[in-house]
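Student: Please take a close look at a single part of this model for me. Then set that part in its wider context.

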Amino acid sequence: MSLARPGAPRPNAFAAGKLNSQVPSLLLVGGLALSWALYTFSAPEDEDYQVNLILVALTGIVFFTLGLVAVSLRVEGRRKAVDRLATVLFTLSFLIALTPLISLIITVVSRGAIRFDGDFFTLSMRNVVGDGGGAAHAIVGTVIMTLAAGLISVPIGLLTSIYIVEYGAGKRLTRWITFFVDVMTGIPSIVAGLFAYALFEILLGPGTRVGISGSAALAVLMIPIVVRSSEEMLRLVPNELREASYALGVPKWLTIVKVVLPTSIAGITTGIMLAIARVMGETAPLLIAAGFSNNFNFNIFDDRMQSLPNFVYYSYIAQGSVPEAYLNRAWAGALTLIVIVMVLNIGARLIARFFAPKLGR
Amino acid sequence: MTQDAGGASRNTSPSARKTVVRPGDRIFSGSAKGAGTFILLMLAAVSGFLLLEGFPAITADPNDISLLAGESFWVWVGPLVFGTLWAAALAMVVAFPLAIGIALFISHYAPRRVATTLGYVVDLLAAVPSVVYGLWGGVILAPALQPSYTWLADNLSFLPFFAGPASGTGRTILTAALVLAVMVLPIITAVSREVFLQTPALYEEASYALGATKWEMIRTVVLPVGRGGIISAAMLGLGRALGETLAVAMVLSATGVISLNLISSVNPSTIAANVALSFPEAYGLNINALIASGLILFAITLVVNSVARWIVNRRSEFSGAN
């Protein structure tokens with residue numbers, strides 16, 4: 001800043017201008033007020049015209065940012081002004097990210113509540129056209145297929161992570177497994193569905209759509225998540241515990257079963273619950289592999305099986321004669337899905353917090 | 001019952017240690033190894049079965065596949081590949097700067113006590129199933145954005161992106177990309193937040209001691225130190241955006257053309273969305289064509305993810321964190 005005129009006293013760098021701490025909040029209020037006034041007084045003469053509050057807020061924030069940077073530039077200099085601009089932008093980006101989350105939650109809860117009733121959880125869609133019906137068949141299908149996927153992927157995933165951490169350190173097979181587990185994490189869910197479809201088409205003939213096929217697709221998505229999270233948890237177990245066990249003459253496998261796994265079981269459970277929550281919301285693989293159905297189906301090895309995400313998808317895509325009824329069912333299904341997923345998520349975090357081993361740190 | 005290992009059973013000198021291998025050990029290590037090998041076999045099976053089922057569509061006479069409408073397979077799949085890349089790129093343009101901003105806000109600006117909670121809130125975004133995003137995007141977001149598309153078409157139509165005519169429903173590629181952006185935000189945020197938190201405190205303090213403002217400290221210390229992590233976070237987000245199915249299938253009204261127009265009702269479709277929409281009614285060789293397109297999607301995401309992992313691994317070798 002070369003503002004110093006000849007003769008004027010040289011500004012003291014240490015006592016340079018600093019904004020009063022209340023200036024930013026005053027500017028924010030001022031900016032919002034200015035923007036509101038602008039929109040209100042420039043409104044067309046129309047009875048129905050309403051001031052768009054979102055636009056008002058956005059314009060107000062723009063005014064605030066410009067004002068703050070201008071004032072800061074004048075008083076504090078360029079570097080401080082850029083710093084203030086960065087602060088405003090980072091805070092704004094967080095608020096922007098919250099907007100869809102809040103909008104989504106409000107919509108799902110308010111619209112989902114319309115059909116969130118007893119019928120919804122007890123009836124299927126068999127012979128239902130228009131109003132009525134429920135998603136009980138879809139909930140049953142989701143639970144069965146997710147459990148089957150868990151039964152496939154938890155043992156495989158857990159054993160693989162045990163191999164990686166306990167047996168295979170430094171071996172070539174371990175490096176291959178780690179790399180390909182990472183690759184599997186990135187498999188698009190629809191590709192997992194296509195794989196399960198192709199597999200069962202070869203095994204059981206063309207056009208096969210059964211529940212177990214959906215479970216296989218979910219397992220492909222679930223195994224890498226289980227491996228990664230269990231691996232991390234097993235690595236957290238201190239080596240002193242293993243060595244103490246060996247010193248007492250306990251064989252390796254018993255050490256793993258009695259010492260390593262109990263120490264890390266809370267973390268492993270958390271990882272498995274998060275993995276279940278993740279695959280429970282998957283639609284695309286089940287759409288391909290398990291198909292749609294309007295009926296109850298408790299047999300995973302025979303016939304198509306409906307799932308909750310697919311129920312939502314299908315109600316939205318194929319809105320029948322009374323679109324409102326189909327959409328309401330879709331929203332109620334979305335609400336149920338979010339509730340289940342959130343309960344699993346929060347439960348997983350609680351387990352991690354309360355049952356974590358005390359490592360003495 | 002104990003058994004001697006092969007080598008140690010020839011116990012010639014009394015000082016040689018006897019290695020005891022119990023059946024429990026053998027079973028346990030064997031099954032662990034078997035599970036690991038199974039994963040490799042499964043991945044091989046995924047690629048193998050997709051190749052096996054997808055290949056007939058590429059070699060077959062296009063006239064036998066009604067989806068292709070007499071054109072060659074590559075002519076059909078071209079616009080889909082373009083749409084996949086285009087939608088993912090648009091989503092990244094929106095999500096990447098936002099995610100870096102959010103990660104910096106949580107790691108360096110928010111008060112320490114609430115920072116963890118804010119991190120959870122962003123993670124919640126990741127926990128919402130994609131079908132719910134699709135529903136929200138199709139029913140709420142698309143109609144809400146439609147007026148702004150009309151405005152863009154009226155005022156900015158000289159740009160090829162906003163050439164118009166504006167879609168009447170708002171179900172355009174831009175809406176789909178915005179929904180995708182919301183979905184990849186938490187992934188990029190989570191990874192880059194971790195990286196930013198690992199910036200050595202000494203570097204930050206040294207920067208402050210030299211008189212840097214907070215932004216200057218971030219620009220000269222946090223961002224360069226975390227560059228590898230930021231890049232891999234972006235690649236992971238890109239992988240998710242490329243493979244996302246439902247959000248696009250439910251939001252976009254697609255016609256399968258190559259077009260840069262963001263706001264019209266004529267939009268390119270993506271591979272994943274096209275499979276989801278066409279598969280339930282597909283029969284015969286059409287199924288093979290769809291599987292072949294899935295194989296192409298698999299290859300694209302494989303490349304993106306491998307590059308991301310390669311960057312992460314290369315970086316972790318000389319990172320101070322371990």
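Tutor: Start with helix α10 (residues 271–278) of chain B, which is mostly covered: 6 of its 8 residues are buried. Those buried residues are B:Ile271, B:Ala272, B:Ala273, B:Asn274, B:Val275 and B:Ala276. Buried means that 20 or more other C-beta atoms lie within 10 Å of the residue's own; 12 or fewer make it exposed, anything in between partly exposed, with C-beta atoms placed from the backbone. Helices are DSSP runs of H or I with at least four residues, strands are runs of E with at least two, and both are numbered from the N terminus.

This is a predicted model, where local features need pLDDT of at least 70, side-chain atom pairs count only at pLDDT 80 or more, and totals for chains, interfaces and linings use all residues. Residues are numbered from 1 along each chain as its sequence is written, while chains are lettered from A and ligands numbered from 1 in the order in which they are written.

Now the rest of chain B. It has 11 helices and 2 strands. The order from the N terminus is β-β-α-α-α-α-α-α-α-α-α-α-α. Of its 322 residues, 48% are buried. One of them is B:Met183, in helix α5 (residues 173–197) of chain B. B:Met183 counts as buried because it has 24 C-beta neighbours inside 10 Å. Neighbours within four places in sequence aside, B:Met183 is in contact with B:Ser130, B:Tyr133, B:Arg240, B:Glu244 and B:Ala247. Contact requires C-beta atoms, placed from the backbone, within 7 Å. B:Leu152 lies 31 residues from B:Met183 along the chain, and their C-alpha atoms are 25 Å apart.

Next, the overall form. The radius of gyration of chain B is 26 Å, whereas a compact globule of 322 residues would have one near 20 Å. That radius is taken over C-alpha atoms, and the globule rule is 2.2 Å times the number of residues to the power 0.38. The C-alpha atoms fill a box of roughly 95 × 70 × 30 Å along the principal axes.

Finally, the partner chain. 70 residues of chain A are in contact with 64 residues of chain B. Helix α3 (residues 78–112) of chain A gives the largest share of chain A's side, 19 residues.

Notes. Contact = placed C-beta atoms within 7 Å.
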